[in-house]
Amino acid sequence: MRMTSVPVIDIAPFLGGTPEGKRDVADQVRRACEEIGFFLIKGHGVDQQMIDATYQSAADFFQLPLEEKLKIRQPSTEIARGYTPFKGENLSSGMGAAGGADLKEILDFGPMTVPQDDYHKGGEAGGFFHDNIFPERPETFRADMTAYYKRMNALADDLMRIFANALDLPEDFFTDKLDRNISALRVICYPEQHETPEPGQLRGGAHTDYGTLTILMSDRSAGGLQARHRDGYWVDVTIEPGTYVINLGDLMQIWTNDRWVSTLHRVVNPPAELAETSRRHSVVFFHQPNYDAVITALPNRGQEDATPNYAPVTYKDHWTGKWNASRGKM
Ligand SMILES: O=C(O)CCC(=O)C(=O)O
Ligand SMILES: [Fe+2]
C-alpha cells in the first residue's frame, strides 16, 4: 500500500529509560529508517516556549529590509555562516541536476562554543568552526539561536543513541565521532511568490542531507516538504504541532551500507492561488559529526558477506563536495 504520511514516533519511552520502552522505540525507528528515512517525533522533551521563540526570531529577521540583512552576508562561498539572499543556493545542483536556484533566503550558523585550539582553529578545520555572524535585530535573535543550537545538539545525541540501539550497536557507538561535531543551524524563509517559477524551479530542489540526521521545525503554510519513498513516489511531510521532522542524512546510509536511506526530499511551490500569500519558515538543525570522523560501513551492517558500497570518507571531504556543488562549483 502507498504511504500517504510519514510515521509519528513517541520517543518519550526511550528517554524514560525502561528496557521495554527503549526496545519499542528503537524498533519503530528502525522500520521508519529502512522504509522512508523520515519520521515525526513527539515526546522529545524540548520546551514549546523555546521552539516558539526561536521560530519567531527567525521569522522577524527575514522581515527586515534587504540592506540590513545584507550587512551580515555570507563572508565567502566556502563559509557556511551569515545571510544568503533569495536564489543564492541550488540544492538540486548538488545532486548533479539542473534547475533554477532555490526560491528561499537563508541564515547559517555553526557550533556556538568553540575552544581556541589547533583542532578547532588550525588549517585542517577550514571554516567548520568559523565564528558565527549574528544580526543586530531582532534583539532576541542571538540568545534564542544560541540556546536552541545547544538544545538541538542534546536532542541529536538522544536520537543517535536510539539509532545505535536500532542497529544493535553499543549505545555509545557514535559518541567518539560526535564529540567535536560541526552541526549546522539554518533558518530559512520561503517568501511569497509574485512571479511564476521557472520550469523545475522549487522552493528547495530535490536533495539529500549531508550529515547524520536532520531535525526540522517548520510551519504548515502551503508549499511544503515532500520525501521520496523508496518506490519512487513523493509523500507530503505534514508537520503536526509539537512534533519535529527527523530525516536521515547520507552518513546513515553509508554506515548501514544502504540498509537505511538518506531520502531525497524537496520543498515544493505553493499552488498558484496561494503563491502571493504563502510565506514559509523553517529552522533546521543539520547534525554533522566531527570533521575528521571517517565514515565507513558498520561491522554489523546486516549483510555480512556484502562488500561495502561506499569507500571510506572523512566527513570533511563528503561535506565539501556537496556544499560546493550547491553553490555552483562542481
Ligand atoms: O524547509 C524544509 O521543509 C526543508 C529544508 C531542507 O530540506 C533543507 O534545507 O535541507
Ligand atoms: Fe534537506
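Modeller: Let us start with Gly 110, in the loop between strand 4 and helix 5. Keep in mind that this is a predicted model.

Colleague: Why is Gly 110 called buried?

Modeller: Its relative accessible area is 2%. Buried means under 20%. Gly 110 therefore counts as buried.

Colleague: What makes Gly 100 buried?

Modeller: The relative accessible area of Gly 100 is 15%. The cut-off is under 20%, so Gly 100 is buried. Gly 100 lies in the loop between strand 3 (82-84) and strand 4 (105-109).

Colleague: Which C-alpha distance goes with Gly 100 and Gln 201?

Modeller: The two are 4.8 Å apart in space, C-alpha to C-alpha, and 101 residues apart in sequence.

Colleague: His 120 is in helix 5. Why does His 120 count as buried?

Modeller: His 120 has 7% relative accessibility. Under 20% is buried, so the label holds for His 120.

Colleague: How do you know that the side chains of His 120 and Asp 117 make a polar contact?

Modeller: The contact between these side chains is 2.6 Å. A polar contact needs a pair of N or O atoms within 3.5 Å, one able to donate a hydrogen and the other to accept it. The pair from His 120 and Asp 117 therefore qualifies.

**Exposed and in between**

Colleague: Why is Glu 139 called exposed?

Modeller: Glu 139 has a relative accessible area of 77%. Exposed means over 50%, so Glu 139 is exposed. Glu 139 lies in the loop between helix 5 and helix 6. Its C-alpha atom is separated by 31 Å from that of Ser 326, 187 residues apart along the chain.

Colleague: And Thr 307, what makes this residue exposed?

Modeller: Thr 307 comes out at 62% relative accessible area. The line for exposed is over 50%; Thr 307 is therefore exposed. Its place is the loop between strand 13 (294-295) and strand 14 (313-314). From the C-alpha atom of Thr 307 to that of Lys 69 is 49 Å, with the two 238 residues apart along the chain.

Colleague: Why is Asp 258 called partly exposed?

Modeller: Asp 258 has 25% relative accessibility. Buried is under 20% and exposed is over 50%. The value for Asp 258 falls in between, so the label is partly exposed. Asp 258 lies in the loop between helix 8 (250-255) and strand 11.

**Backbone points**

Colleague: What is the phi of Asp 168?

Modeller: About 55°, also positive, although Asp 168 is not a glycine. Asp 168 sits in the loop between helix 6 and helix 7 (175-178). Its relative accessible area is 58%. That is over 50%, so Asp 168 is exposed.

Colleague: How do you know that the peptide bond from Arg 137 to Pro 138 is cis?

Modeller: Omega for that bond is near -5°. Most peptide bonds are trans. Pro 138 is in the loop between helix 5 (118-121) and helix 6 (141-166).

**The ligand**

Colleague: Which residues have polar side-chain atoms beside an oxygen atom of ligand 1?

Modeller: For Arg 280, the distance is 2.4 Å. For Ser 282, an N or O atom in the side chain is 2.7 Å away. For His 265, the distance is 3.1 Å. The cut-off for a polar contact is within 3.5 Å, and each of these values meets that limit.

Colleague: How much of ligand 1 does the protein bury?

Modeller: Taken alone, ligand 1 exposes 300 Å², and the protein buries 96% of that. Ligand 1 sits in the largest pocket.

Colleague: Which strand gives the largest share of the shell around ligand 1?

Modeller: Strand 12, with three residues. Strand 5 (184-190), strand 11 (265-267) and strand 12 (280-287) each supply at least two. The shell divides into six nonpolar, three polar and two charged residues. Among them are Ile 188, Tyr 190, Asp 209 and Phe 286.

Technical notes:
Residues numbered from 1 in each chain as written. Chains lettered and ligands numbered in written order. Predicted model: local features only at pLDDT ≥ 70, side-chain atom pairs only at ≥ 80, totals over all residues. Heavy atoms only, no water. Near = heavy atom within 4 Å. Areas by Shrake-Rupley, 256 points an atom, 1.4 Å probe, with all protein chains shown as cover. 1 Å grid on protein atoms, 1.4 Å probe; cavity = no way out; pocket = protein on both sides within 12 Å on 5 of 7 lines; lining within 4 Å. Sits in = over half its atoms within 2 Å of the grid points. Helix = DSSP H or I, 4+ residues; strand = E, 2+ residues; numbered from the N terminus. Nonpolar A, V, L, I, M, F, W, Y, C, P; charged D, E, K, R; others polar. Buried < 20%, exposed > 50% of the residue type's maximum accessible area, 1.4 Å probe, protein only.
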